[in-house]
Amino acid sequence: MPTAIVVYDSWYGCTQTVAEEVARGLSADGRIPTVVTNVRDTTPEQVLHHEIIVIGSPDHFGEPTTRIQALLRSLRSRDLRGKRFAFFDTCFQSDRGKVTAKMEAALRDRNPLISPPFLQTSVVVEGAHGPIRPGEISKGRALGQMIRTSLALPV
Ligand SMILES: Cc1cc2nc3c(=O)[nH]c(=O)nc-3n(C[C@H](O)[C@H](O)[C@H](O)COP(=O)(O)O)c2cc1C
């Protein structure tokens, strides 16, 4: 049975909230054990214990945070065969999709399972400190459900 990890960075709590929603969507039918962890509290080895790896970051000047970038660099050097990735970010309306595209690009050539249209979502925040824009939070759970139905296949 595949297991999933949702690993995120968060300065003000918005991306953590989305991560918890993604995990709820992923584990909704009880078939995919799912853990949620702050990137500060995990290692690439621990991330790679799981078949389904969801990575979330706030948008910092159009990039993932330095900690998420470091995780991606570290994952790039590992054996990623069979691993299934999805991505999310929190950002302003105008910057939707930029950071998830960069996260995807950081791993794509190392894992043929990541091919467009890759599973990703951008959740819009109202300001640099949040809050999450009303109505946007449901995108987190929807991403988890989409991953569950489309990625939880034998590899
Ligand atoms: C240093 C810094 C730079 C940022 N740059 C951008 C940016 O270029 N584009 C954008 O959409 N949001 C930017 N933001 C706002 C983030 O999207 C927002 O802080 C984040 O979604 C909040 O997530 P968090 O509560 O998990 O930290 C920036 C925030 C910080 C702190």
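Author: Let's start with β4, which is mostly covered: eight of its eight residues are buried. A residue is called buried if 20 or more other C-beta atoms lie within 10 Å of its own, exposed if 12 or fewer, and partly exposed in between, with C-beta atoms placed from the backbone. This is a predicted model, where local features need pLDDT of at least 70, side-chain atom pairs count only at pLDDT 80 or more, and totals for chains, interfaces and linings use all residues. Residues are numbered from 1 along each chain as its sequence is written.

Reader: Which residues of β4 lie on one side and which on the other?

Author: In a regular strand, side chains alternate between the two faces of the sheet. Here R84, A86, F88 and T90 are on one side, F85, F87, D89 and C91 are on the other, and all are buried.

Reader: In what sense do β3 and β4 pair, and over how many bridges?

Author: Two strands pair if DSSP finds at least two bridges between them. Strands are DSSP runs of E, at least two residues, and helices are runs of H or I, at least four, numbered from the N terminus. Strand β3 (residues 52-58) pairs with β4 in the parallel sense over seven bridges. From β3 the chain crosses through helix α3 (residues 66-76) to β4, a right-handed β-α-β crossover. Right-handed means that, with the strands pointing away from the viewer, the path from the first strand over the helix to the second runs clockwise.

Reader: And how does β4 (residues 84-91) pair with β5?

Author: Also in the parallel sense, over five bridges. T90 has V123 of β5 as its bridge partner, and F87 stands opposite Q120. Together with helix α4 (residues 98-108), β4 and β5 make a right-handed β-α-β unit. In strand β5 (residues 120-124), four of the five residues are buried.

Reader: Which residues are closest to the ligand?

Author: A residue is near a molecule if its C-beta atom, placed from the backbone, lies within 6 Å of it. Of the 18 residues that surround the ligand, the closest are S10, Y12, C14, T15 and T90. The elements giving two or more residues to this shell are α1 (14-26) and β4.

Reader: What order do the elements follow from the N terminus on?

Author: They run β-α-β-α-β-α-β-α-β-α. The radius of gyration of the chain (taken over C-alpha atoms) is 14 Å, close to the 15 Å that the globule rule (2.2 Å times the number of residues to the power 0.38) gives for 155 residues, so the chain is as compact as a globular protein of that length.
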